[in-house]
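Please consult the sequence and the three-dimensional view shown here before reading the report. The text is meant to be followed with both at hand.

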Amino acid sequence: MTPNETAPPDTAYADAATRLLRGRPATRDALLPLLHALQDEFGYIADAMIPVVAAALNLSRADVHGVVTFYHDFRRAPAGAHLVRLCRAESCQARGAATIERIATQRLGVTMGATSADGRVTVEPVYCLGLCATGPNALVDGRPVSRLDAAKLERIAAEVLA
Amino acid sequence: MAWISETDLGTKPAPDSARTVSLRIDGDTVTVPEGTSIMRAAALRGTNIPKLCATDRLDAFGSCRLCLVEIEGRAGYPASCTTPVTEGMVVRTESAKLAKLRRGVMELYISDHPLDCLTCSANGDCELQDQAGAVGLRDVRYGYDGANHLQAAKDESNPYFDFDPAKCIVCSRCVRACDEVQGTFALTIDGSGFGSKVVASADEGFLPSECVSCGACVQACPTSALIEKTVTDIGTPDRAIVTTCAYCGVGCTFRAEMRGEQLVRMVPWKEGKANRGHSCVKGRFAWGYANHRDRILNPMIRESVDQPWREVSWDEAIAHTASEFRRIQAKYGTRSVGGITSSRCTNEETFLVQKLIRQGFGNNNVDTCARVCHSPTGYGLSTTFGTSAGTQDFDSVEHSDVIMVIGANPTDGHPVFASRMKQRLRQGARLIVVDPRRIDLVHSPHVDAAHHLPLKPGTNVAVLTAMAHVVVTEGLADEAFIRERCDWDEYSDWAAFVAQPERSPEATAALTGVPAADLRAAARLFATGGNGAIYYGLGVTEHSQGSSTVMAIANLAMATGNIGREGVGVNPLRGQNNVQGSCDMGSFPHEYSGYRHVSDPATRTLFETAWGVSLDPEPGLRIPNMLDAATDGTFKALFIQGEDILQSDPNTHHVAAGLAAMECVVVQDLFLNETANYAHIFLPGSTFLEKDGTFTNAERRIQLVRKVMDPLNGYADWEIVQLVAQALGLDWQYTHPSEIMDEIAALTPTFAKVSYLALEEHGSLQWPATDAAPLGTPTMHVDGFVRGKGKFVVADYVPTDERTGPRFPLLLTTGRILSQYNVGAQTRRTENVAWHAEDRLEIHPHDAENRGLRDGDWVSLRSRAGETTLRALITDRVAPGVVYTTFHHPDTQANVITTDYSDWATNCPEYKVTAVEVSPSNGPSEWQRAYADQAARARRIETEAAE
Amino acid sequence: MIRAYVSGDMASVALGADEVVAALAVRGVEVVRTGSRGLFRIEPLVEIDTPEGRIAYGPVEANEIDAVLDGTHASRIGRIEDHPFFARQQRFTFARCGVIDPLSLDDYAAHGGWQALDKARALTPQAVVDEVKASGLRGRGGAGFPTGIKWQTVLDTRSPEKFIVCNADEGDSGTFADRMLMEGDPFCLIEGMAIAAHAVGAGHGFIYIRSEYPFAIRVMQAAITRAAPRIAPFALEVRVGAGAYVCGEETALLDSIEGKRGQVRAKPPLPAIEGLFGRPTVINNVLSLAAVPFIVAEGAQAYQAVGFGRSRGTMPIQLAGNVRNGGLFEAGFGITLGELVNDIGGGTETGRPVKAVQVGGPLGAYFPPAMFDLPFDYEAFAAAGGLIGHAGITVFDDTVDMAHMARFAMEFCAHESCGKCTPCRIGAVRGMETIDRIVGGGRQPGGLEAMPQMRNAAARPRDRAAEIALLRDLCDTMKFGSLCALGGFTPYPVLSALDHFPQDFDQPATAQAAE
């Protein structure tokens, strides 16, 4: 009920928000760029960032929370050390994505959308990387890989689980 | 429904448009203003197109997809809520295809909704239920075992309403109401798609969230997802009575929704011209005090305040009251007694109390709590404009381009108006805040003041004069307006005065603490930014220079041409529900109703003729003078209706001493308030729910208060005053408050056309309501000032005698908080304490550090006048050197600290500036302990003691 | 020194182009990174500058570089323009893609860049709008609304501020033309936007790119920086999406730029009148804006002369999925689906018979080979119960289970629904459940429905036919009731699968199990 009297904002996040907003008016349309930048820096959108971002852009916590939870990109907990995003859209399905998904999750020891218990790898679905003639496709730590097959998956697993 | 059912036309009215459009709806030709939605056009003709997400309180959203229609020549099935009418359009609202689509949508809704309609709190008052019936849904072919939200946990954290996400249809009406109507933005949709759910803040639950519990979401909810706990407990209402809120000066009207004799809920009335269907946590929910066990329902008397109270019959109490006053007047003289009217009671009751004193006591010793709040407004605005009231209606703010808020904290003090103001700010109006404290309007979600001038308490006049200096010296004054509407010579004198170099922002910056550049920018904005409106509150009036500040505001408004049309003006935000009315009704010792001086022979003759007595031509005593006279031994008896001067008036020690020196203090109130600790006769009061009458809000709007239940104490307050008058031998024979209003109208020119009949017919009237303006006057001074020419008054800055120094280095200023009201007598007896259970002292981190204070520490707060203790809240909302507290809790006794300095013109106390020192403490002060002992003794009631 | 050209397109990199470039660099070859030529079967592709022109080799592995450099590599293609896949195309929009260094202002200018902007700026805004109108250009994002008329509305709306927004939220599976253009010829898009800005009087533009396209984001940002002086006073910036497919819907995209949840707005008001920040806004797809420089430079007539019926000009068609010659094929409208899939696409990559093609992304209909004589044309596709959309064609062979694909369409809709309107928010989930029940053969009354209190619920079992009827009703509710195309078009793949492949709904998940 007293928005300006809540606990003091987390200073590390507040400092980062100030730095990341530099050179950009602190208006609402800076919200997505700021969230992206914070996630790039800290790996995820922590609960404690929400009041910080709200204060930085003069929004309510509800405003920020609504946006953070709307977009699939913003994660609320850190991902694993490695991130494997497997495409499961139609064009990749037409080229055997379901089989690849089964092999990949089995080999990496983690279910789709989850992070392995040791925190080493997160496997997530992605709906289209725009590589639709050469699927099945993946983004492995941001690197695109096309024509995924068992051999390529094995190389990826070796790299990720090393 | 047995009660007045509100119609909902689905979408807002079209923005002002002179053009109309004709179209055909289901074969009929309909003509509506351009920009109207098809849904509204159909509703105006009586066709209610099915809808769930649409309501005429909110912008059209188009999400529920029930309101689809067919339009000739257009593909598909457009939503009627988001599609505006066009000339010649042919619309069909019913067809087999539409019926099928609507049923298909409803089938989806019900496939994810609990099936316990018959045991639901909203059974019979649920739009989903109504619409399911309207579209003829019979079977949900999906079955009920698909994915659903039926396991979602209820949020029961808010003390007044529950949120059951399982019953939520995700129409976003609550979210939109919070955003669009209230402007708090506390709600959102979490997630997306099927996972979408309504949450408060970051899914924190309603109570800990940013929610201010205004009730707009509950009001907007079409199901029972958001519903008042009282509806769950008592049942749905079966009738409604429109009445006026008894909290602040906004004057919201509510439908008191009843089930039998029981009040179920207060629902803001859409037709209410002050609130336009909105509400705040107090008016909407905090009415439980009316049935609180602390209420005193039987009259009580005692010989001395050391004794316990003794319950007596009404006859005995009334007779005793009359005989005491007659005895004391016989012994000490006619002028040894007086009375205080209440700004919480109705106009009629207030009028009767002052009549009792003038006619029955034969003197003018009547005063009111406006003495301690807005008396400088009366003085300042009558001097400059000729009328002792604000110049606008609340709607006016919709036309403002620059809004200056000075010494007011609308989001806490006048929340419903603040929401209107914030709507305008979100539309692009710019805001200047002049306040020592960073109030929410300075910077809070979706609000950002263009300028905040954080002045040192007590320097209002210097700041306003410096703004005037900028206006005059930079050639920004509206010369055409001034020449036409004001006295040019007076203006020239004033302009020469403010233009002096020593009044410039630069010269006064050190004194006021306001950086000169900021002040200049703010002044330029106000003078050149379009329609400029000034709103102010007690931060202006409660100063030794309160009247000067009001006149400085009036000067600034005139100099910039901001008077006499919509969107501009000088607008005092009144504290109590009827403070405007109590002033209007002749509550001051020098004025009859309508602000006419008691020394004026013509007016006096009018009243003498009507009342059949000769009246005292000398002004009577003001409250502080009565107390002074009491300690001097010349003032001996006081009749106090609905006011707690011990808690609300300054320098508590002095008030206590004055009361203790009297022989008969009569308190008429709902509760044994603090003043009653010094009373000899207690007459139980009635709540606003228990009587008929009128209140007048801050925009001079007179609105009906309607009785919704019988007085628990047996009599409405006006009846009790009449009984006292009759016991004094006066021939009063009122059978209904409307007869009192008739007398007021007959004796008061500005009320000439006011009657209950007219109020019933028009909903409300803004005085002056005269032959020339029978429907009242929303905007004052349109063609000329009431006094003729607007008067510029040279108001020089004179520092208060209250100075900081080595012993008292900090300045204390006081204010209020949203959830509590005034001395808290009402709100402390409701669940509102969930938000504000105690008064806290706000102190800047630097000042706290210097004194070794941590957040939440008990501190001692000392001034020249006294000492109290409370807990510290460390915040940079206050500037270094300034501390702030609220005064809602009697155990804090903030007014032990405040001094008896007061406004030079009106004696309005200087609550807002007290030099203090703050130091660590480990317990209540000596005074607090002594007072607690005294209060405990004074509150004993014999019947209880005997048990 | 030898100069080689290797694509830096994300698809090329995903196929190993970076490794090839590293191998070339080790051998002292000067490498120019270009966009992709658009035929992925030959990627990674290396072109070597020779006196006879750029001689192409592909696909090339990093360890085969020496053979490329000595001209002995078995995959020698020769001049790429002579390759039949390219020879059959009419490249208006993609003329420079794969040819130039995407971030070289000199290359761009040398290949005709900026001529259109200079020409447009010499004209009145109305004249530019008239030219675009005359070209017959229709929105390439899928809706096919005439671009010139949209611009006219913005031009005619008075406002102190107007915006140009490029919708580069290309989320449809089977489409990648926007990505290729942004990575391969970003200045072309920038020029198109600058022309639009001149035509309607806008000062600021945004390119909203989905976050799944990191290469395009990087290239566009660099290109904007370099082109800034050239397009001034018009200013551009990139905004990055955050994984919400629905933001490809124009009003959701505007809300997303504004920092809000990407929820669809009701229309009216049209974005052209009240768009970004409430101001008049041109919002066009990448391909629409990138077509503009050709139209202005070459004249509306040159563009308009190509096409079919009311579909004028060229369309960059994307062949995707299980297809041999997957890639980008720009051609005039009117080419048939069969030509595209069989002649140009070369049939399936697996060599099995084509069972279905989905045209227009996840919201497009599935067509059986029996309908392959359908000409590529907005109206013809609409009449056949489908849509061109962003002109992506995803090919499936005969192992596909169309009931599964129908379910996936509902699942995708449920995953990406913004949650605002009811038909999409709840309907997509009910759609998945209903298809599951169809495949399962129907259902018995649920525990709740069987209770004696439930007098209105049908007590009889619902057979497969009843569930199919329910699915059709649901599709009807979604199609006509949804607020935007996500919910409104999801019925296309579902119903087309049901109509053209009913047998797949009749056998309990056998195909899936057999996979």
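## Basis of the report

This is a predicted model, in which local features need pLDDT of at least 70 and side-chain atom pairs count only at pLDDT 80 or more, while totals for chains, interfaces and linings use all residues. Residues are numbered from 1 along each chain as its sequence is written, chains are lettered from A and ligands numbered from 1 in the order in which they are written, and side-chain values use heavy atoms, with hydrogens and water left out.

## Domains of chains A and B

Chain A is divided into domain 1 (10-70) and domain 2 (82-161); such bounds come from an automatic or database domain assignment. The C-alpha centres of domain 1 of chain A and domain 2 of chain A are 30 Å apart. Chain B is divided into domain 1 (1-94), domain 2 (161-291), domain 3 (300-372 + 579-766), domain 4 (375-572) and domain 5 (810-938).

Between domain 2 of chain B and domain 4 of chain B, the distance of the centres, taken over C-alpha atoms, is 34 Å. In this pair, 18 residues of domain 2 of chain B are in contact with 15 residues of domain 4 of chain B, where contact means heavy atoms within 4.5 Å. Domain 2 of chain B and domain 4 of chain B bury about 1300 Å² between them, with 56% of it on carbon and sulfur atoms. Buried area is the accessible area (1.4 Å probe) that two parts lose on being put together, summed over both. On the side of domain 2 of chain B, the residues that lose the most area to domain 4 of chain B are B:Phe185, B:Val250 and B:Arg276, together 34% of what that side buries. The rule finds one salt bridge across the interface of domain 2 of chain B and domain 4 of chain B; a salt bridge is a side-chain nitrogen of Lys or Arg within 4 Å of a carboxyl oxygen of Asp or Glu. A salt bridge joins the side chains of B:Arg276 and B:Asp395 (2.4 Å, N to O).

## Interfaces of chain A

The size of an interface is often given as the accessible area lost when the parts come together. For chain B and chain A, the buried area is about 1900 Å², 52% of it on carbon and sulfur atoms. One salt bridge is found across the interface of chain B and chain A. B:Glu204 and A:Arg61 form a salt bridge, with the closest N and O atoms 2.7 Å apart.

Chain A also meets chain C, with 39 residues of chain A in contact with 62 residues of chain C. About 3800 Å² is buried between chain A and chain C, and carbon and sulfur atoms give 56% of this area. In chain A, the residues that lose the most area to chain C are A:Phe70, A:Glu90 and A:Tyr127, together 19% of what that side buries. Two salt bridges are found across the interface of chain A and chain C. The side chains of A:Arg95 and C:Glu349 form a salt bridge (3.1 Å, N to O).

## Salt bridges within chains

Over all chains, a search of the whole structure finds 101 salt bridges. One of them joins the side chains of A:Arg75 and A:Glu124 (2.8 Å, N to O). A:Arg75 lies in the loop between α4 (61-70) and β1 (82-87) of chain A and A:Glu124 in strand β2 (residues 121-126) of chain A, 49 residues apart. Helices (H or I, at least four residues) and strands (E, at least two) are DSSP runs, numbered from the N terminus. Both A:Arg75 and A:Glu124 are buried; buried means under 20% relative accessible area, exposed over 50%, and partly exposed in between (1.4 Å probe, protein chains only).

In chain B, the side chains of B:Arg939 and B:Glu674 form a salt bridge (2.8 Å, N to O). B:Arg939 is in the loop between α29 (926-938) and α30 (942-946) of chain B and B:Glu674 in the loop between β26 (664-669) and β27 (681-684) of chain B, so the pair ties together parts 265 residues apart in sequence. B:Arg939 is partly exposed, at 30% relative accessible area, whereas B:Glu674 is buried, at 7%.

## A buried serine

C:Ser256 is located in helix α12 (residues 250-257) of chain C. Its relative accessibility is 1%, so C:Ser256 counts as buried. Leaving aside residues up to four places away in sequence, C:Ser256 touches A:Leu32, A:Tyr71, C:Tyr208 and C:Cys247.
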